Amino acid sequence: MVVSEQARVSLVTGGSRGIGRAICLALARPGDVVAFNHFDPDEEAATETLKLIEAKGAKAYAQKFDVSDPAQVAAFVETLVNEHGRLDVLVNNAGITMDNLLVRMSLEQFERVLKVNLVGTFVCLQAAAKVMMKQRSGAIVNLASVVAAIGNAGQANYSASKAGVVALTKTAAKELASRGVRVNAVAPGFIETDMTAKLPEKIVEAMKATIPMGRTGQPEDVADVVAFLCSDASRYLTGQLLHVGGGMYM
Ligand code: NAP
């Protein structure tokens, strides 16, 4: 089935839960196609996201694979394009943390976080760009983080990976702009998901105290901004980083 002109084909990485799920739902309009991947072999969260997307009238696809595996990413993009004729939106959302103080961090912890967060973003961006450049349109949004700008004790690996995502976003935006493909990034502050639920209460309280708006964010607070960056309303925006953190960083 090739979708109609108005319908949009979107791919969201790490869409099974948290911010990724909220992004899938913010993008899902009746008649659209929303595909996502996840990594946990437990399909429960992914199945729930599939149901929620379909309840919004969009067609949903999910598959389990590591976002940094080029062969699996290429195969998923190819299947999507063969089935629907195009790819309009890519959101590089999948991300992990493996926190430890710098002097205690193992090389494995450093490399794994870089692999998923930065290499994964590159792999998906490259696969999508090939399709989008040919069709001369597309919107790509990468999930960075406030810690790329301000650093965070215990997150040498994570903050470095997210700073890499910011630089990658700007370079991709410059390379792809003339082909009608926009590339932007969002930097969430403190958003209530499984990722932040693991943080010790003391750190959470200290972080909350730095948010001028006085509350932590919800996944939907980020998803709505991502949806804006994927929409025609942001047609003259590329290479930009929007901080979504209640003013945590200005
Ligand atoms: P989360 O609740 O931990 O969800 C992470 C998602 O990524 C899950 O769907 C997970 O799938 C998927 N994922 C993890 N490793 C993967 C891999 N190797 N391949 C494919 N999918 C993988 O995280 P979140 O808080 O929603 O964060 C989403 C994004 O926002 C991340 O890039 C994160 O760094 C960024 N961010 C979050 C915050 C925050 O405060 N929460 C702040 C700044 C930036 P499975 O469940 O199947 O593993």
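## A walk through a predicted model

Asp-88 sits in the loop between helix H3 and strand E4 (89–92). Helices here are DSSP runs of H or I with at least four residues, strands are runs of E with at least two, and both are numbered from the N terminus. Before going on, note that this is a predicted model, where local features need pLDDT of at least 70, side-chain atom pairs count only at pLDDT 80 or more, and totals for chains, interfaces and linings use all residues. Residues are numbered from 1 along each chain as its sequence is written, and side-chain values use heavy atoms, with hydrogens and water left out.

Is Asp-88 buried or exposed? With 11% relative accessibility, Asp-88 counts as buried. Buried means under 20% relative accessible area, exposed means over 50%, and partly exposed is in between (1.4 Å probe, protein chains only). The side chain of Asp-88 reaches the backbone nitrogen of Val-9 at 2.8 Å. Among the residues that Asp-88 touches, leaving out those up to four places away in sequence, are Met-132, Gln-135 and Gly-138. Touching, or contact, means heavy atoms within 4.5 Å.

Now for the nonpolar cores. A nonpolar core is a set of buried Ala, Val, Leu, Ile, Met, Phe, Trp, Tyr and Cys residues joined through side-chain atoms within 4.5 Å. The largest one has 28 residues, and Leu-11, Leu-87 and Ile-140 touch the most other members. Strands E1 (9–12), E2 (33–38) and E6 (181–188) each supply at least two residues of this core, and so do helices H3 (70–84), H4 (107–135) and H6 (156–176). H4 gives the most, with nine residues. Another core, of 27 residues, lies apart from it, with Cys-24 and Val-244 among its members.

Helix H6 has 21 residues and reaches 30 Å from its first C-alpha to its last, close to the 30 Å expected at 1.5 Å a residue. That expected span is 1.5 Å times one less than the number of residues. Buried residues of H6 include Tyr-158, Val-165 and Leu-176. The helix's buried residues pack against H4, E5, H5 (147–150), E6, H7 (194–197) and E7 (241–244).

Next, the ligand. There are 32 residues around it, and Arg-17, Asp-40, Asn-93, Tyr-158 and Thr-193 come nearest; a residue counts as near if one of its heavy atoms lies within 4 Å. Here are some atom pairs that involve an oxygen atom of the ligand:

| Residue | Atom of the residue | Distance to a ligand oxygen |
|---|---|---|
| Asn-93 | backbone N or O | 2.7 Å |
| Tyr-158 | polar side-chain atom | 2.5 Å |
| Gly-189 | polar backbone atom | 3.4 Å |

Taken alone, the ligand exposes 900 Å², and the protein buries 95% of that. Such areas come from the Shrake-Rupley method with a 1.4 Å probe; for residues, only the protein chains shown count as cover.

Gly-14 lies between E1 and helix H1 (18–27) and is buried, with a relative accessible area of 17%. Leaving out residues up to four places away in sequence, Gly-14 touches Gly-20, Asn-37, Asn-93 and Ala-94. The C-alpha atoms of Gly-14 and Val-67 are 8.0 Å apart, although 53 residues separate the two along the chain.

Arg-136 is in the loop between H4 and strand E5 (138–143). What is the phi of Arg-136? It is positive, about 60°, although Arg-136 is not a glycine. Most residues other than glycine have a negative phi. Arg-136 is also exposed, with a relative accessible area of 51%.

Definitions and conventions:
A polar contact is a pair of N or O atoms within 3.5 Å; within protein, one must be able to donate a hydrogen and the other to accept it, and residues adjacent in sequence count only if both atoms are side-chain atoms.
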